[in-house]
Amino acid sequence: MTRRPLARYALRAVSLAAALGVWQLLTSLNVDLWLRFSQFPTVTDVARAFADRLSGDDYWTDLTDSLTRILTGFALAAVLGVATGVLVARSRLAEDLLGPVLEVVRPIPAIALVPVAILLFPSNEQGIVFITCTAAFFPVLVSTRHAVRALTPVWEEAVRTMGAGRLRILGSVVLPGALPGIFGGLSVGIGVSWICVISAEMISGQYGVGYRTWQDYTVVNYPGVFVGMVTIGVLGWITSTAVELLGRRLTRWLPRTSYVPGARTRAPRALAAPARPDGEPEQQAESEQQGQNDTEEARDEHLV
C-alpha cells in the first residue's frame, strides 16, 4: 500500500530527528571507541553558533556570493553542455573535432584548474565561476550526448517525411526526447558544482560559504565549521530539488511509475461465467486463471 504524503513527510522528519539525536548523544557523552566523537561539537553548540551567525551580516553576504557564483556557473554549464552534447551527438565532424579535446580534459578534476583560473582570469570572482562552470559542464555534456544518441530513429524519420527541416526536428523530436537524460545530467552537475565552488572559495575566495568555513577552521572554531557544512548541505539540497522539480514539470508528458518496493498490485477478480451443460465453464475459468498468472509474472519481471 502506498503511504500518504503526510505520513512520508513525518517519516522523513523522524529520520532526521533520529540522526540529530544520535549525534547529540555521542558528542555529549564524549564517546571514543574508534571514532573520536569527543572532538566534535554537540548539536546544541552548532545550533547556538548558527543562531549567532544568522544575526550578523557576514552570513548573508557569504550566502549571496556563493549563490551568485553557483547559479552563474551552472547556467553557463547548462547552456554550453546541452549545446555541445547535441552537436557532438548529431554531427560526426563535431565529434571528430571536439571529441578528443573533451575526453582529454574531462578526467581532470575541476578543482585542479584553480591555478589555471588564477593565471587566466583577471579576478578571483571570474576564476571561481569558471571552475564552477567546468565542474557542471561535463556531466551535462555526457548525459546529453547519450540521451540524444539513444533516441529512436523512427521519430525523426516520421517528422522528416512530413517535410520538417533540421531546426524543426531539433525542436520537436531531439530536445523533447532527450529531456529526461538532460535533466539527469543537470541534477548531477548542480551537486558537483557545489563541491567545486566551495573548494575554490576555500583556496582563492574572499567571501562565500566555503571561504568562511575555511576561516573558522583556521581559528579552531569547530561549531562555525559545522555551520558552514550544514549551510552547504541545505543549499545543495534546495538547488538539486529545484532542478528535479523543473525537470518533472518540463517532462510531465512522460508516464510516471508509482511502484513501491514490497507492494503487489492485485489483479481484478474475474466475473463468473454462465453455466453451460457441456462443462465449458471449467475450461474458461482455467484459461482466465492462466492469463492472470501470466500477467502477474510479466509485471514482476518488469519491476525486477
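**Aromatic pairs, a surface patch and a nonpolar core**

Trp-60 has a relative accessible area of 43% and is therefore partly exposed, a label used for values between the limits for buried (under 20%) and exposed (over 50%), with a 1.4 Å probe and protein chains only. This is a predicted model, in which local features need pLDDT of at least 70 and side-chain atom pairs count only at pLDDT 80 or more, while totals for chains, interfaces and linings use all residues. Residues are numbered from 1 along each chain as its sequence is written, and side-chain values use heavy atoms, with hydrogens and water left out.

The partner of Trp-60 is Tyr-59, and the two form an edge-to-face aromatic pair, with 5.3 Å from centre to centre and 85° between the planes. Rings of Phe, Tyr and Trp (its six-membered ring) pair if their centres lie within 6.5 Å, and planes under 30 degrees apart count as stacked, over 60 as edge-to-face and the rest as tilted. Tyr-59 counts as buried because its relative accessibility is 9%. The rings of Trp-214 and Tyr-217 have planes at 35° and centres 5.4 Å apart, so this pair is tilted. Trp-214 and Tyr-217 are separated by about one helical turn because they stand three residues apart in helix α9 (residues 209-218); helices here are DSSP runs (H or I, at least four residues), numbered from the N terminus. By the pairing rule there are eight aromatic pairs, and one aromatic cluster is formed by Trp-23, Phe-37, Phe-40 and Phe-226.

On the surface, Leu-87, Leu-93, Leu-97 and Leu-98 form a nonpolar patch with about 390 Å² of accessible area together. Helix α4 (residues 92-105) gives the largest share of this patch, three residues. Leu-97 is found in helix α4, and it counts as exposed because its relative accessibility is 58%.

We now turn to the interior. In soluble globular proteins, nonpolar side chains tend to be buried together. Leaving aside residues up to four places away in sequence, Ile-131 touches Ala-110, Val-114, Ala-117, Cys-196 and Ala-200, where contact means heavy atoms within 4.5 Å.

Terms used
Patch = residues over 30% accessible without salt bridge, like charges linked within 9 Å, V, L, I, M, F, W, Y side chains within 5 Å. Areas by Shrake-Rupley, 256 points an atom, 1.4 Å probe, with all protein chains shown as cover. Salt bridge = Lys/Arg side-chain N within 4 Å of Asp/Glu carboxyl O. Helix = DSSP H or I, 4+ residues; strand = E, 2+ residues; numbered from the N terminus.
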